[in-house]
Amino acid sequence: MTPFDKAIAWQSEHSTESFEEILGWHLGHGLVYSTPTTFLLAHETHYNPETHDMNYDSPPNAWFVQLAAATGCANPIREFLRVATRPQPWAIWCRRNSFRLYAYPWNALARKVRLS
């Protein structure tokens, strides 16, 4: 199964929002990255580290990875950091259909995945 197929299956199983809807939104407002080993949907947002909330009313200071899938040894977060159009202070995502935000300082995450 390709990362693209994995992303479609995961979205269909875990969300009321269709894969086509979020893909379309990201094509116009975010980042879509697809290779034979990695698929990603991400967009810029504002993250407040004190309240652990994100919003779209303030200038962006974070990337939110909405959907990521990979095959083999591919590391989708490493690929995301490599291809994001511009670094932000934060990289955030939710894990396994949780609504809890996991936030990491960009530079620390880059070191963790051996990108810097």
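This is a predicted model: local features need pLDDT of at least 70, side-chain atom pairs count only at pLDDT 80 or more; totals for chains, interfaces and linings use all residues.
**Group meeting: a first look at this chain**

Let me begin with one cysteine: Cys94 has a relative accessibility of 28%, so Cys94 counts as partly exposed, a class that lies between buried, under 20% relative accessible area, and exposed, over 50%, with a 1.4 Å probe and protein chains only. Cys73, by contrast, counts as exposed because its relative accessibility is 83%. The structure holds 0 disulfides, a disulfide being a pair of cysteine sulfur atoms within 2.5 Å.

Residues are numbered from 1 along each chain as its sequence is written, and side-chain values use heavy atoms, with hydrogens and water left out.

Turning to the fold, the chain has 4 helices and 6 strands, which are DSSP runs numbered from the N terminus, with helices being H or I of at least four residues and strands being E of at least two. Along the sequence, these follow the pattern α-α-β-β-β-β-α-β-β-α. The radius of gyration is 14 Å, close to the 13 Å that the globule rule gives for 116 residues, so the chain is as compact as a globular protein of that length; the radius is taken over C-alpha atoms, and the rule is 2.2 Å times the number of residues to the power 0.38. The C-alpha trace spans about 40 × 30 × 25 Å along its principal axes.

Finally, of the 116 residues of the chain, 38% count as buried.
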